[in-house]
Amino acid sequence: MDNCIFCKIIDNFIPSERLYEDGRFIIVRDIDPKARLHYLAIPKKHYAYLSNMDASDTQELGHIFAAIARESENLGLQNGYRLIVNQGADAGQTVFHLHIHILGGEALEWRKNNE
(Lines give C-alpha, C1' and ligand atoms only; values in the text may rest on other atoms or scores of the structure.)
Protein backbone atom coordinates (compact mmCIF):
# COMPACT_ATOMS: atom_id res chain seq x y z
CA MET A 1 0.00 0.00 0.00
CA ASP A 2 1.61 3.22 -1.18
CA ASN A 3 0.51 5.51 1.66
CA CYS A 4 0.70 3.03 4.54
CA ILE A 5 3.31 4.06 7.12
CA PHE A 6 3.68 0.48 8.37
CA CYS A 7 4.28 -0.81 4.84
CA LYS A 8 6.97 1.87 4.49
CA ILE A 9 8.59 0.72 7.74
CA ILE A 10 8.48 -2.91 6.61
CA ASP A 11 10.03 -1.95 3.23
CA ASN A 12 12.75 0.11 4.99
CA PHE A 13 11.60 3.41 3.47
CA ILE A 14 11.16 4.64 7.03
CA PRO A 15 13.89 3.57 9.45
CA SER A 16 12.97 1.71 12.62
CA GLU A 17 14.68 -0.28 15.32
CA ARG A 18 13.45 -3.82 14.78
CA LEU A 19 13.38 -5.64 18.08
CA TYR A 20 12.25 -8.85 16.36
CA GLU A 21 11.79 -9.86 12.75
CA ASP A 22 11.03 -13.00 10.84
CA GLY A 23 9.52 -13.68 7.44
CA ARG A 24 5.99 -12.84 8.58
CA PHE A 25 6.18 -9.82 10.88
CA ILE A 26 8.26 -7.31 12.80
CA ILE A 27 8.18 -5.88 16.33
CA VAL A 28 9.09 -2.21 16.79
CA ARG A 29 8.65 0.35 19.57
CA ASP A 30 5.49 2.46 19.45
CA ILE A 31 6.38 6.13 18.89
CA ASP A 32 3.52 7.22 21.20
CA PRO A 33 3.80 4.79 24.13
CA LYS A 34 0.84 4.18 26.42
CA ALA A 35 2.90 2.11 28.90
CA ARG A 36 6.54 2.00 30.00
CA LEU A 37 7.09 -0.66 27.35
CA HIS A 38 4.91 -0.35 24.26
CA TYR A 39 5.65 -2.28 21.10
CA LEU A 40 3.85 -2.97 17.84
CA ALA A 41 3.76 -6.36 16.14
CA ILE A 42 3.16 -5.60 12.46
CA PRO A 43 2.45 -8.30 9.87
CA LYS A 44 4.46 -7.90 6.68
CA LYS A 45 1.35 -8.66 4.64
CA HIS A 46 -1.00 -5.68 4.53
CA TYR A 47 -4.47 -6.10 6.00
CA ALA A 48 -6.45 -3.08 7.11
CA TYR A 49 -8.72 -5.16 9.36
CA LEU A 50 -9.11 -8.66 10.72
CA SER A 51 -12.12 -8.98 8.41
CA ASN A 52 -9.77 -8.66 5.39
CA MET A 53 -8.11 -11.95 6.31
CA ASP A 54 -9.21 -15.26 4.86
CA ALA A 55 -9.04 -18.71 6.46
CA SER A 56 -5.45 -19.30 5.35
CA ASP A 57 -4.36 -16.03 6.98
CA THR A 58 -5.36 -17.21 10.45
CA GLN A 59 -2.09 -19.16 10.66
CA GLU A 60 -0.34 -15.82 10.33
CA LEU A 61 -1.92 -14.54 13.53
CA GLY A 62 -1.20 -17.78 15.37
CA HIS A 63 2.44 -17.49 14.37
CA ILE A 64 2.60 -13.86 15.55
CA PHE A 65 1.00 -14.61 18.93
CA ALA A 66 3.33 -17.57 19.52
CA ALA A 67 6.39 -15.46 18.63
CA ILE A 68 5.28 -12.67 20.97
CA ALA A 69 5.03 -15.21 23.80
CA ARG A 70 8.51 -16.61 22.98
CA GLU A 71 10.07 -13.12 22.78
CA SER A 72 8.33 -11.66 25.84
CA GLU A 73 11.36 -12.00 28.13
CA ASN A 74 13.67 -10.46 25.52
CA LEU A 75 11.24 -7.52 25.36
CA GLY A 76 11.33 -7.01 29.15
CA LEU A 77 7.83 -8.37 29.69
CA GLN A 78 8.62 -11.06 32.28
CA ASN A 79 5.86 -9.92 34.64
CA GLY A 80 3.12 -9.90 32.01
CA TYR A 81 1.82 -7.90 29.10
CA ARG A 82 -1.36 -6.81 27.39
CA LEU A 83 -2.17 -7.33 23.69
CA ILE A 84 -4.55 -4.93 21.95
CA VAL A 85 -5.88 -4.94 18.39
CA ASN A 86 -7.88 -1.82 17.50
CA GLN A 87 -10.35 -2.30 14.66
CA GLY A 88 -11.78 0.85 13.11
CA ALA A 89 -11.81 4.52 13.99
CA ASP A 90 -14.25 4.13 16.91
CA ALA A 91 -11.79 1.67 18.52
CA GLY A 92 -8.90 4.11 18.14
CA GLN A 93 -7.27 2.60 15.04
CA THR A 94 -5.23 5.35 13.39
CA VAL A 95 -3.07 3.29 11.03
CA PHE A 96 -5.16 1.01 8.85
CA HIS A 97 -2.65 -1.83 8.65
CA LEU A 98 -3.48 -4.59 11.10
CA HIS A 99 -1.11 -4.47 14.08
CA ILE A 100 -0.98 -5.70 17.64
CA HIS A 101 -0.08 -3.37 20.51
CA ILE A 102 2.07 -5.06 23.16
CA LEU A 103 2.07 -3.15 26.47
CA GLY A 104 3.91 -3.95 29.67
CA GLY A 105 6.86 -3.15 31.89
CA GLU A 106 4.55 -1.94 34.66
CA ALA A 107 1.28 -2.82 36.37
CA LEU A 108 -1.41 -1.87 33.86
CA GLU A 109 -4.74 -0.51 35.01
CA TRP A 110 -7.99 -1.18 33.23
CA ARG A 111 -9.84 2.04 32.54
CA LYS A 112 -13.56 2.07 31.83
CA ASN A 113 -15.34 4.79 29.85
CA ASN A 114 -12.18 6.85 29.27
CA GLU A 115 -11.76 7.55 32.99
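This is a predicted model: local features need pLDDT of at least 70, side-chain atom pairs count only at pLDDT 80 or more; totals for chains, interfaces and linings use all residues.

Residues are numbered from 1 along each chain as its sequence is written, and side-chain values use heavy atoms, with hydrogens and water left out.

**The sheet**

Select the strands, which, like the helices, are DSSP runs numbered from the N terminus (E, at least two residues, for strands; H or I, at least four, for helices). They form an open sheet of 5 strands in the order β1-β2-β3-β5-β4, with antiparallel pairing, where two strands pair if DSSP finds at least two bridges between them. Because β1 and β4 (81–84) stand at the edges with a single partner strand each, one side of each is left without a neighbour in the sheet.

Next, select β1 (residues 18–21) and β2, which run antiparallel and are joined by 3 bridges; the two strands form a hairpin with 3 residues between them. To find one of the bridges, pick Glu 21, whose partner in β2 is Ile 26.

**The cores**

Is β2 mostly covered or mostly open? Select residues 25–29: 4 of the 5 residues of β2 are buried, where buried means under 20% relative accessible area, exposed over 50% and partly exposed in between (1.4 Å probe, protein chains only).

Now select Phe 25, Ile 27, Tyr 39, Ala 41, Ile 68 and Ile 102, which have the most contacts inside the largest nonpolar core, a group of 13 residues. Such a core is a set of buried Ala, Val, Leu, Ile, Met, Phe, Trp, Tyr and Cys residues joined through side-chain atoms within 4.5 Å. The elements giving two or more residues to this core are β2, β3, α2 (58–71) and β5 (100–104). Apart from this core lies another, of 10 residues, among them Ile 10, Ile 26, Val 28 and Leu 40.

**The aromatic pairs**

A search of the whole structure finds 2 aromatic pairs; rings of Phe, Tyr and Trp (its six-membered ring) pair if their centres lie within 6.5 Å, and planes under 30 degrees apart count as stacked, over 60 as edge-to-face and the rest as tilted. Select Tyr 20 and Phe 25, a tilted pair with 5.2 Å centre to centre and 40° between the planes. Then move to Tyr 49 and Phe 96, an edge-to-face pair at 5.9 Å and 65°. Since Tyr 49 lies in the loop between β3 and α2 and Phe 96 in the loop between β4 and β5, the pair ties together parts that are 47 residues apart in sequence.

**Two loop residues**

Select Asp 57, in the loop between β3 and α2, which is buried at a relative accessible area of 7%. A polar contact of 3.0 Å joins its side chain to that of Tyr 47; this term means a pair of N or O atoms within 3.5 Å, and within protein one must be able to donate a hydrogen and the other to accept it, while residues adjacent in sequence count only if both atoms are side-chain atoms.

Finish at Asn 12, in the loop between α1 (5–10) and β1, which counts as exposed at 58% relative accessibility. Phi of Asn 12 is near 65°, a positive value in a residue other than glycine, whereas most residues other than glycine have a negative phi.
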